[in-house]
Amino acid sequence: MTDNQNLLAEQRRALILDEVRRRGGVRVNELTRRLNVSDMTIRRDLDALARQGMVAKVHGGAVPVVEASTHEPGFAAKSVLEPSAKDDIARAAAALVAPATAIALSGGTTTFALARHLLDVPDLTVVTNSVRVADVFHEAQSAGAGGESRRGAATVVLTGGVRTPSDALVGPVADRAIRSLHFDLLFLGVHGVSVEAGLSTPNLAEAETNRCLMRSARRVVLVADHTKWGTVGLSSFGDLSEVDTWVTDRGLPAEVRAEVAEHLPGVVVAGEEPA
């Protein structure tokens, strides 16, 4: 972590959370030195992270929370996690998109970041079950001169369905809409990735909706940062072998990259030149 008095609260808390997970626990006095802020600021940060269920406070510091496989954090809670990595992944994933193609974006904070990087790709058709993703494109279109749509602006198809804590629409209505469509690329966010459990989520209905998305796509691109590796949710909805490309960040260890490469055709590490 880097000393910086000007870090935004969300950035500082993301750094604290990463340190807690990496080291298995942190002390307040260590964080005050490393982040160059007061004890009071660190304690407020830990209080905020504890309220979101991200850490457990102990005397003098904090330790990780062992989450149940059914625990599903809300969109706001996930947004503060690994923001730089998600933006790097989004930028690399956007480079895979050609103009005038049909793509799908699942729910999630990484696909939300990706949507912002796709605004300048012309003539896209975007299918999504994410309210947040749809809002990105809608707000960009509304910002045009005189309220008119920009030339080449994306056509967005938002499925119906029941809203999850992460603002994804799932269930029979979403599934039926997705089954009738076909798209060139699916960008898929995920709660957890492992060799044994594959792709997983804590939400049973979301698992089925994600299966429908994968079946309707010619190519599946997983967009997930390194912290998703080894996490297992309640329901698996796909194997690694069903993924064409995983776009991740440099935090994924080299030995994990090698292991993953045995199960799927391509791993793209954002910010690194292809081997």
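## The main core

The largest nonpolar core here has 26 residues, and Phe-183, Leu-186, Leu-199, Leu-222 and Trp-246 are the ones with the most contacts inside it. A nonpolar core is a set of buried Ala, Val, Leu, Ile, Met, Phe, Trp, Tyr and Cys residues joined through side-chain atoms within 4.5 Å; buried means under 20% relative accessible area, exposed means over 50%, and partly exposed is in between (1.4 Å probe, protein chains only). At least two residues of this core come from each of strand S4 (102–105), strand S9 (183–188), helix H9 (204–215), strand S12 (217–223) and helix H10 (254–261). The largest share, 4 residues, is H9's. Helices (H or I, at least four residues) and strands (E, at least two) are DSSP runs, numbered from the N terminus.

There's also a second, separate core of 24 residues, with Leu-105, Leu-114, Val-133 and Val-223 among them. As general background, nonpolar side chains in soluble globular proteins tend to be buried together.

## What you're looking at

This is a predicted model, where local features need pLDDT of at least 70 and side-chain atom pairs count only at pLDDT 80 or more, while totals for chains, interfaces and linings use all residues. Residues are numbered from 1 along each chain as its sequence is written, and side-chain values use heavy atoms, leaving out hydrogens and water.

The protein chain holds 10 helices and 15 strands. Of its 275 residues, 49% are buried. Looking at contacts (heavy atoms within 4.5 Å) with a separation of 6 or more, 64% are between residues 24 or more positions apart. The accessible surface is about 12900 Å², and carbon and sulfur atoms account for 49% of it; accessible areas come from the Shrake-Rupley method with a 1.4 Å probe, and for residues only the protein chains shown count as cover.

## Leu-199 and Ser-235

Which residues does Leu-199 touch, leaving aside those up to four places away in sequence? The list includes Leu-188, Val-190, Met-214, Leu-222, Phe-237, Leu-240 and Val-243. Ser-235 and Ser-236 are on that list too.

Ser-235 sits in strand S13 (residues 235–238). With a relative accessible area of 8%, Ser-235 is buried. Setting aside residues up to four places away in sequence, Ser-235 touches Leu-199, Ser-200, Thr-201, Leu-204, Ala-207 and Arg-211.

## Helices side by side

How do helix H8 (residues 172–179) and H9 pack? Their angle is about 5°, and their axes are 9 Å apart. Axes are lines fitted to C-alpha atoms, for helices over the stretch in contact, and angles run from 0 to 180 degrees between N-to-C directions. H8 and H9 are therefore roughly parallel to each other, going by a scale where angles under 35 degrees count as roughly parallel, over 145 as roughly antiparallel, 65 to 115 as roughly perpendicular and the rest as oblique. On the H8 side, Ala-174, Asp-175, Ile-178 and Arg-179 make the contact; on the H9 side it's Glu-208, Thr-209, Cys-212 and Leu-213.

In helix H2 (residues 28–35), the buried residues are Val-28, Glu-30, Leu-31, Thr-32 and Leu-35. Their cover includes helix H1 (9–23), strand S1 (26–27), helix H3 (39–51) and strand S3 (61–64).

S1 and S3 also belong to an open sheet of 3 strands, in the order S1-S3-S2 with antiparallel pairing. S1 and strand S2 (55–58) are at the edges with a single partner strand each, so one side of each has no neighbour in the sheet. Two strands pair if DSSP finds at least two bridges between them, and S2 and S3 have 4 bridges in the antiparallel sense. H3 lies across S2 and S3, at about 130° to S2.

## Two positive phi angles

Asn-36 isn't a glycine, yet its phi is positive, at about 60°. Asn-36 belongs to the loop between H2 and H3 and is partly exposed, with a relative accessible area of 39%.

Asp-167 has a positive phi as well, near 65°, and is also a residue other than glycine. The loop between strand S7 (162–163) and strand S8 (169–170) is where Asp-167 lies. Is Asp-167 buried or exposed? Asp-167 is buried, at a relative accessible area of 9%.
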